[in-house]
Amino acid sequence: MKLREGTGKRTVSIIIAYFLIYVVWGSTYYFIGVALKGFSPFILGALRFTVAGLTLLSWCWCRGEPVFKKTLIRKSAVSGIVLLFIDMAVVMLAQKYVSSSLVAIVASSTAIWIMALDAPMWSRNFRNPAVIAGMVIGFLGVTLLYFEQFNQSSNLNNHSEYGILLLLFGCISWALGTLYAKYRSSGEEEVNAFAGSAWQMIFASLMFWICAGFSGNIAGTDLDTVPVSSWLSLIYLIVFGSILAYSAYIWLLKVRPATEVATHAYVNPFVAVVIGMTFGKEIVTWVQIAGLIVILFSVMLINKKKKIRNDK
């Protein structure tokens, strides 16, 4: 009886965790857009990751984790700046030019960039025709979205193609940060996963505060004028997006196969598009839907081959 109760509780926990990384992470694109109506990108990033990072670090300290190891802090600093700071700053800046739905669609191509920039694995990856085909198809999908935005900007003079270029820079930065974590810092951050995540958020927040200070955002921010919707979105991003969803992701990697957990990359863009269209009244064109399908098909093709290779 106790075994059945324990199994039932674990199943419920897994379902909740997948909901967090599927739906909550997918919804963050929309809530970032709402929060940006009251906060500048740098202030939003600073507040979000300061509160989330300190909260998570305090929790790790209470659990007895060695949160102040020098090697953990040093390696997490690099990961936090390259992964969280640059990528999230780019995502928020890009939403000045394009919708949250399109941001999520382009961000889904990150897996392709990781494969393309993983130099130590080139000799193995580029021997596989399916992987090469997947990368080419993915890049074609991104190119399709860029030219759509370029044509729109030519007609409307709103420079929406800048958003695509910013997002590509963010994807490359995230890919480089992921590869750094894979080859340099994974040993420390895997053993102290939650503490490493907390330090990443803290160092990302420091960079956001520095940029906010130099850009004049701190002096120019009047918190009294920030709408309630932006405050609520900030709280949602801190609690659900940064603390709960990320913690669920780390926990799932310990109890479920990594290839299964990675399926959030296919679900997040669709969730973002549905929420953006439903609540944000965003217009998603057929070209964007086609681009999303092409990109996700290419990522699925690459990951399928990786899974087959790992199984062997």
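This is a predicted model: local features need pLDDT of at least 70, side-chain atom pairs count only at pLDDT 80 or more; totals for chains, interfaces and linings use all residues.
Which residues make the nonpolar surface patch of about 520 Å²? I looked it up: Val228, Leu232, Ile235, Val239, Phe240 and Leu244. Patch members have over 30% relative accessible area and no salt bridge, with nonpolar side chains (Val, Leu, Ile, Met, Phe, Trp, Tyr) joined within 5 Å. A salt bridge puts a side-chain nitrogen of Lys or Arg within 4 Å of a carboxyl oxygen of Asp or Glu.

Residues are numbered from 1 along each chain, and side-chain values use heavy atoms, leaving out hydrogens and water.

Next I checked Leu244, which sits in helix α11 (residues 228-255). Helices here are DSSP runs (H or I, at least four residues). Leu244 has 37% relative accessibility, so I put it down as partly exposed (buried is under 20%, exposed over 50%, partly exposed in between, with a 1.4 Å probe and protein chains only).

Then helix α4 (residues 100-107): 8 of its 8 residues are buried, so the rest of the structure largely encloses it.

Last, I went for the rings. I found 16 aromatic pairs (ring centres within 6.5 Å; planes under 30 degrees apart are stacked, over 60 edge-to-face, the rest tilted). Phe85 and Phe208 pair edge-to-face, at 4.9 Å centre to centre and 75 degrees between the planes. Phe85 is in helix α3 (residues 70-94) and Phe208 in helix α9, so their pair ties together parts 123 residues apart in sequence. Both Phe85 and Phe208 are buried.

Methods:
Patches are made of residues with over 30% relative accessible area and no salt bridge: like charges are joined within 9 Å, nonpolar side chains (Val, Leu, Ile, Met, Phe, Trp, Tyr) within 5 Å. Accessible areas come from the Shrake-Rupley method with a 1.4 Å probe; for residues, only the protein chains shown count as cover. Helices (H or I, at least four residues) and strands (E, at least two) are DSSP runs, numbered from the N terminus. Rings of Phe, Tyr and Trp (its six-membered ring) pair if their centres lie within 6.5 Å; planes under 30 degrees apart count as stacked, over 60 as edge-to-face and the rest as tilted.
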